[in-house]
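Please look at the model first, and then read the points below alongside it.

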Amino acid sequence: MRTVRTVAALRAELARLRARGQRIALVPTMGAFHAGHLDLMRRAAQDGHAVVVSLFVNPTQFAPGEDLSTYPRDERRDARLAEEAAVSVLFVPDADELYPEGFATTVTVAGPAQGFEGATRPTHFAGVATVVAKLLIAARPDRAVFGQKDAQQVAVIRRMMRDLHLDDVELIVAPIVREPDGLAMSSRNVYLSPTERTAALALSRGLNAAARLAADGERDTARLEGAVSATIAAEPACQLDYVAAVDRDRFHPVPELAGPTVLAVAARVGTTRLIDNVLLPTPPTE
Ligand code: AMP
């Protein structure tokens, strides 16, 4: 595995791989790898792709007062895990490399970026869309891999890729990797105290309850959302931010299950904000 820190070095390394006939798969990350990240890397490598992982805690997607300065960082550990996962190139730029003096061009996204995460974190998706566009343009991969864990982010990136003609890149969305007890893996789970860690299970428990209702034929999304909010309300250490059944691609609320629907939830456990979601089964048409 080669570690590169500049776009020029990244491009040189990828040109070398392409000259050997290899296709390239990109996995954008902020590091602090867990099994979810490693699964994305495995999926990226399928069909013989050379994998490039970017490791960059992107400052523009954090608002003032968020956890940019305390976000877990351990490049040595991440590099070891990436190497074990057969990653070919680790791209670790510093902020000046991606946002040099005079940087003045950003991507903004409306549509699926509105509401939910976009309501709580108004500048977040512009930061995400900008850095992902920059990474796609810098690497020009054949495929890019993202996690369903950040369902609204996937909708925003899919829209951005269409709108900016970056959709010649194959977009792969990997399912959520969970701890054995159901907690969705997240680099931010390290912030949870043992009691908060237990309380945090209310998110996946609520989503499971709703998914069971949907599997039993419940189509009314208000009832499905109610199952999640009731589970979270029963956990005093958990403060619900939102729960919503939304169209997977547009991220608009839907009153009934019809097409592909994401049931998304965000809640605070202590000072940590967690998100989780489940894809609900599309009921058969009668
Ligand atoms: P992050 O480093 O948190 O920005 O995440 C990098 C990528 O990993 C994003 O595409 C995330 O959606 C994905 N990811 C994070 N957690 C999980 C998880 N538990 N399961 C699957 N993918 C994940």
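In this predicted model, D39 and R43 form a salt bridge in which the closest N and O atoms are 2.8 Å apart. Both residues belong to helix α2, where four residues, about one turn of the helix, separate them. The points below begin with this helix, and then turn to other salt bridges, a group of strands, the ligand and some backbone angles.

- R42 and D39 are three residues apart in helix α2, so about one helical turn separates them.
- Is D39 buried or exposed? D39 is buried, because its relative accessible area of 12% falls under the 20% limit for that class.
- R42 counts as exposed because its relative accessibility of 52% is over the limit of 50%.
- R43 has a relative accessibility of 27% and counts as partly exposed, because this value lies between the two limits.

**Other salt bridges**

- How many salt bridges does a search of the whole structure find? The search finds 21 salt bridges.
- One of the salt bridges joins R143 and E170, whose closest N and O atoms are 3.2 Å apart.
- R143 is in strand β5 (residues 143–147) and E170 is in strand β6 (residues 170–174), so this pair ties together parts that are 27 residues apart in sequence.
- R143 is buried, with a relative accessible area of 4%, whereas E170 counts as partly exposed at 39% relative accessibility.
- R2, E13 and R16 are linked with one another in a network of salt bridges.

**Strand β8 and its partners**

- Of the nine residues in strand β8 (residues 261–269), eight are buried, so the rest of the structure largely encloses this strand.
- Strand β8 pairs with strand β7 (residues 238–247) in the antiparallel sense, over nine bridges.
- Strand β8 also runs antiparallel to strand β9 (residues 272–280), and nine bridges join these two strands.
- A266 of β8 illustrates both pairings: Y242 stands opposite A266, and I275 in β9 is the bridge partner of A266.
- β8 and β9 form a hairpin with two residues between them.
- G270, in the turn of this hairpin, has a positive phi of about 65 degrees.
- In a regular strand, side chains alternate between the two faces of the sheet.

**The surroundings of the ligand**

- How many residues surround the ligand? There are 18 residues around the ligand, and the closest are H37, G147, D150, V177 and M185.
- G147 has a backbone N or O atom 2.9 Å from an oxygen atom of the ligand.
- D150 has an N or O atom in its side chain that is 2.6 Å from an oxygen atom of the ligand.
- V177 has a backbone N or O atom 2.8 Å from a nitrogen atom of the ligand.
- The ligand exposes 490 Å² when taken alone, and the protein buries 93% of that area.
- Which element supplies the largest share of the shell? Helix α2 does, with three residues.
- By class, the shell consists of nine nonpolar, seven polar and two charged residues.

- Most residues other than glycine have a negative phi.
- D47, which is not a glycine, has a positive phi of about 60 degrees.
- D47 is placed in the loop between α2 (35–45) and β3 (50–55), and it counts as exposed at 58% relative accessibility.
- A86 is not a glycine either, and has a positive phi of about 65 degrees.
- A86 is found in the loop between α3 (75–84) and β4 (89–91), and it is exposed, with a relative accessible area of 56%.

Note on methods
Residues are numbered from 1 along each chain as its sequence is written. This is a predicted model: local features need pLDDT of at least 70, side-chain atom pairs count only at pLDDT 80 or more; totals for chains, interfaces and linings use all residues. Side-chain values use heavy atoms; hydrogens and water are left out. Buried means under 20% relative accessible area, exposed over 50%, partly exposed in between (1.4 Å probe, protein chains only). A salt bridge is a side-chain nitrogen of Lys or Arg within 4 Å of a carboxyl oxygen of Asp or Glu. Two strands pair if DSSP finds at least two bridges between them. A residue is near a molecule or strand if one of its heavy atoms lies within 4 Å of it. A polar contact is a pair of N or O atoms within 3.5 Å; within protein, one must be able to donate a hydrogen and the other to accept it, and residues adjacent in sequence count only if both atoms are side-chain atoms. Accessible areas come from the Shrake-Rupley method with a 1.4 Å probe; for residues, only the protein chains shown count as cover. Ala, Val, Leu, Ile, Met, Phe, Trp, Tyr, Cys and Pro count as nonpolar, Asp, Glu, Lys and Arg as charged, and the others, Gly among them, as polar.
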